[in-house]
2 protein chains.
Amino acid sequence: MEIKRRKTRQINVGGVTVGGGAPVRVQSMTNTETADADATIKQVRKLVKAGCELVRIGVTDKASVRALKKIIAVSSVPIIADVHFNPKLAIDSFNAGAAGVRINPGNISEENITQIAREAGKRGVAIRVGVNAGSLQKSLLKKYGHPTPEALAESALGAVRLIATAGCENIKVSVKASSAGATIDSYRLLSQQTDLPLHIGVTEAGPLLSGTVKSSVGLGILLAEGIGDTMRVSLTTDPVQEVMVAKEILSSLGLLAKIEIISCPTCARTETDLIELVEDVEEALAKDFWPPIKVAIMGCVVNGPGEAREADIGVACGKGRGVLFRFGKPVKNVEEDDYFEELMKELVTIKKNWRERI
Amino acid sequence: MEIKRRKTRQINVGGVTVGGGAPVRVQSMTNTETADADATIKQVRKLVKAGCELVRIGVTDKASVRALKKIIAVSSVPIIADVHFNPKLAIDSFNAGAAGVRINPGNISEENITQIAREAGKRGVAIRVGVNAGSLQKSLLKKYGHPTPEALAESALGAVRLIATAGCENIKVSVKASSAGATIDSYRLLSQQTDLPLHIGVTEAGPLLSGTVKSSVGLGILLAEGIGDTMRVSLTTDPVQEVMVAKEILSSLGLLAKIEIISCPTCARTETDLIELVEDVEEALAKDFWPPIKVAIMGCVVNGPGEAREADIGVACGKGRGVLFRFGKPVKNVEEDDYFEELMKELVTIKKNWRERI
């Protein structure tokens, strides 16, 4: 499947390009108390290690602004301040070194948006207009009855006009809803009305598994249509998982090159403990950076050899022993007890030689 | 988002309609040893309880045929036999009472397909032509070089012609690949070439989380385009999870009415242990059947009241206490310690009165 990405303007968020052909940037947000700088720095590092390219941090008071400064001083990725209600916190965040701010037109007045935009324009920092179906301004809720796609887009584009008029050009836009369908409808509409880069996400998607499904369906459909320049998966769990899910979504659509495990669901034909083997390999791979190797771990002779043949490295497990495949060719028999070690040994070798291969 | 489902012929699999406007049917497959009838019956029951409508069981030898008979005798849903290589096992499975058989044209000869189809036609049972990129017949692999969408569709439609000619009309078709992109391409092509109902799935999608993402993206995109009459999510884990993920995918697209938790990802603004609360509610809900109630569990005042207002029941948690919303209206303040109990109490009441509401 080929994806034609929609042409958007490119903006710069603290050195990270967004839109205009740049890779889809993965974002997440800390859930520590911001004022606890140490805890927040620790979480930022974990997020970055997992592949997060932009980290958003809630800024709710003066104590969090003070901490923000410390966090930004040591962060290897741009930090975006999430500000609601109070425009002063946005400007304080710019002064603390934030690469951007996310504002919500549902809870900041037009006057205050203009004020923030003037300061952002002077400094060349970015603003995300982050509309959310759960916090739409009352006038639009009254006009449309519900947070419809039209209402979300109108809210976003109203704020965009104010910001551009005030002299800030570094703008990205989001119109998140908590259902996949409403999110898709809103972004489809918005993408027809602006060429600004879009930050996509299903908001409040829920717990890990159901939230992952909702986000994968909603964001997967948008990305397949070429919509989305940066993304956040919102899950009620450790934000590191948000980054992992975002990367899996991009990888599944060929928008990110990452290591991939192909493994069969096991059935009556499986004669080895495949679930454990796959979990062990997955855990080992999570500990390190890997080039986009395709690993096939298959439990029987039906699809095993076929999948292993299409993968970079694969094992087709039979009864008590299996066949190891390297770049599509069977290379040797492996005893059941050695599956894990043999696979990891091969993976390390492939990794070492990866640069030469490409 | 409105989904226009593609018009397909309707078939009947042991009393369960598939295609032609029937709901998208959820399938899974046991991974117990089939010959162990007790273990397999236990797993079938778990799958059915989770919402599985058709259960597939691998039939690999005479012992599994004997067990199949026992399993079918007590199963509340139709059982489909998964047969490779040996046509006799398919016919034995029909005799054991299987509602259908899945055959793989990659490993059964044309002669044998015809033989199975004749027997299926006589009995009115169903055949799924289950093509898999990992086990395509050699002649097509040679012709196309790789398991391309064209190769998978050609394999499937060749078998369909043999089966129809032999007098069996109850046919569904699948063309699974292990990447979301290849799966989407294959089904898009296939859906233009036949009006038979399609069984969709990303094969060997992998471990729980990455496999869930791949399946949600791949099947979500297809379902949104109206493609898919029955589905299986293939994960290297407990098959009950496959059913849960399948139902979440359908629910996220409005193709299945089920209870839904909307919950925020938590951030610096959250002043309660929302992750634990959400997990507790999720766990409690999983134990029972619930009508499609929309539950919002929100951690702060930004989107909390807005989302809670759009839900059937919701709590917007502030510092130490929160506001409970019922059908969009705030009804009372709740202390932090009572969130879980108050929510569950409300849920039970809504459930009791659900029939009257609709």
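Mentor: B:Gly145 is partly exposed, because its relative accessibility is 44%. The cut-offs are these: buried is under 20% relative accessible area, exposed is over 50%, and partly exposed lies in between (1.4 Å probe, protein chains only). This is a predicted model, where local features need pLDDT of at least 70, side-chain atom pairs count only at pLDDT 80 or more, and totals for chains, interfaces and linings use all residues. Residues are numbered from 1 along each chain as its sequence is written, chains are lettered from A and ligands numbered from 1 in the order in which they are written, and side-chain values use heavy atoms, with hydrogens and water left out.

Where does B:Gly145 sit? It is in the loop between α5 (138–144) and α6 of chain B. Helices (H or I, at least four residues) and strands (E, at least two) are DSSP runs, numbered from the N terminus. From B:Gly145 to B:Ala308 is 163 residues in sequence and 55 Å in space, C-alpha to C-alpha.

Follow α6 to another helix. α6 (149–165) is among the elements that cover the buried residues of α4(B). The cover also includes α3 (87–95), β6 (100–103) and β7 (126–132) of chain B. Those buried residues are B:Ile113, B:Thr114, B:Ile116, B:Ala117, B:Glu119 and B:Ala120. Helix α4 of chain B runs over residues 110–123, 14 residues in total. From first C-alpha to last it reaches 20 Å, close to the 20 Å expected at 1.5 Å a residue. That expected span is 1.5 Å times one less than the number of residues. B:Gly124 follows α4(B), with a positive phi near 70 degrees.

A:Phe85 has one of about 70 degrees, in the loop between β5 (79–82) and α3 (87–95) of chain A. B:Phe327 has one of about 45 degrees, in the loop between β14 (321–326) and β15 (329–335) of chain B. A:Phe85 counts as partly exposed at 45% relative accessibility, and B:Phe327 does so at 37%.

Now a buried contrast. B:Thr183 lies in helix α7 (residues 180–193) of chain B. Its relative accessible area is 0%, so B:Thr183 is buried. Contact means heavy atoms within 4.5 Å. Leaving aside neighbours within four places in sequence, B:Thr183 is in contact with B:Ala177, B:Ser178, B:Gly201, B:Val202 and B:Leu222.

Next, the core. The largest nonpolar core has 166 residues, and A:Met231 and B:Met231 touch the most other members. Such a core is a set of buried Ala, Val, Leu, Ile, Met, Phe, Trp, Tyr and Cys residues joined through side-chain atoms within 4.5 Å. Neighbours within four places aside, the contacts of B:Met231 include B:Val24, B:Ile200, B:Leu219 and B:Leu250.
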